[in-house]
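Subject: Structure for you to look at

Hi,

Here is the structure I promised. My notes follow below it.

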Amino acid sequence: VQLAESGGGLVQPGGSLGLSCEASGTFSRINAMGWYRQAPGKARELVATVIGGSTTVVDSVKGRFAISRDNAENTVYLQMNSLKPEDTAVYYCYARIRTSTFPIGNTFWGQGTQVTVSS
């Protein structure tokens, strides 16, 4: 299983960026997908997640970020609006996926993509 991220980059405060992450490989089911981020010197933190038909975003990004998932394409998206300098971080996609090796599921990670919010 591989998670391929795209998007990210440099944006000015108040701007927008979109991230996407596609899961590929052999698996039976994706139970959950979402995004974490890690700023320099800080621990990795959950940003948003999709489990079944339910989405959750953390309070610090609520009203600014939106997560969505395309089940047919095994892809999760993160639309980030009204970006702030404190949103600067490496953003990691994750997916909880069932495979023949992991019949109850295993967490897979993307390689991370840098988001920098600066003027």
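Start with the rings. There are four aromatic pairs in this structure. Keep in mind that the model is predicted.

Tyr 36 is partly exposed, at 23% relative accessibility. Tyr 94 is buried, at 10%.

Phe 102 and Phe 108 make another pair. Here the centres are 6.3 Å apart and the planes are again at 80°, so this pair is edge-to-face too. Phe 102 has 33% relative accessibility and counts as partly exposed. Phe 108 has 16%. Why does Phe 108 count as buried? Because its 16% falls under the 20% cut-off for buried residues.

Tyr 36 and Tyr 94 also belong to a cluster, which they form together with Trp 109. Trp 109 has a charged neighbour as well: Arg 44 lies over its face, 4.8 Å from the ring centre. Arg 44 also lies over the face of Tyr 92, at 3.8 Å from that ring centre.

Next, the disulfide. The structure has one. It joins Cys 21 to Cys 93, with an S to S distance of 2.0 Å. The torsion about the S-S bond is about -75°, so the disulfide is left-handed. Cys 21 lies in strand S3 (residues 17–24) and Cys 93 in S9, so the bond ties together parts that are 72 residues apart in sequence. Cys 21 is buried, at 0% relative accessibility. Cys 93 is buried as well, also with 0%.

Now the core. In soluble globular proteins, nonpolar side chains tend to be buried together. The largest nonpolar core in this model has 29 residues. Which residues have the most contacts inside it? They are Trp 35, Val 47, Phe 65, Ile 67, Leu 78, Met 80 and Tyr 91. Several strands give two or more residues to this core: S3, S4, S5 (45–51), S7 (65–70), S8 (75–80), S9 and S11. S9 gives the most, with five residues.

Met 80 is worth a click. Leaving aside neighbours within four places in sequence, Met 80 touches Gly 15, Ser 16, Leu 17, Leu 19, Arg 64, Phe 65, Tyr 91 and Val 115.

Which side chains of strand S11 (residues 113–117) are buried? Thr 113, Val 115 and Val 117 are, and they point to one face.

S11 pairs with S9 and with S2. With S9, S11 runs antiparallel, joined by three bridges. Val 90 has Gln 114 as its bridge partner in S11. With strand S2 (residues 9–11), S11 runs parallel, again over three bridges. Val 11 stands opposite Val 117 there.

Gly 9 lies in S2. Its relative accessible area is 27%, so Gly 9 is partly exposed. The C-alpha atoms of Gly 9 and Gln 114 are separated by 6.0 Å, although the two residues are 105 apart along the chain. Beyond its neighbours within four places in sequence, Gly 9 is in contact with Leu 17, Gln 114, Val 115 and Thr 116.

Last, a hairpin. S5 pairs with strand S6 (residues 54–57) in the antiparallel sense, over four bridges. Thr 49 has Thr 56 as its bridge partner in S6. How many residues lie between the two strands of the hairpin? Two, and Gly 52 takes a positive phi near 65° in this hairpin.

Best wishes

Technical notes. Residues are numbered from 1 along each chain as its sequence is written. This is a predicted model: local features need pLDDT of at least 70, side-chain atom pairs count only at pLDDT 80 or more; totals for chains, interfaces and linings use all residues. Side-chain values use heavy atoms; hydrogens and water are left out. Rings of Phe, Tyr and Trp (its six-membered ring) pair if their centres lie within 6.5 Å; planes under 30 degrees apart count as stacked, over 60 as edge-to-face and the rest as tilted. Buried means under 20% relative accessible area, exposed over 50%, partly exposed in between (1.4 Å probe, protein chains only). A charge sits over a ring if NZ of Lys or CZ of Arg is within 6 Å of the ring centre and within 35 degrees of the ring normal. Two strands pair if DSSP finds at least two bridges between them. A disulfide is a pair of cysteine sulfur atoms within 2.5 Å. A nonpolar core is a set of buried Ala, Val, Leu, Ile, Met, Phe, Trp, Tyr and Cys residues joined through side-chain atoms within 4.5 Å. Contact means heavy atoms within 4.5 Å.
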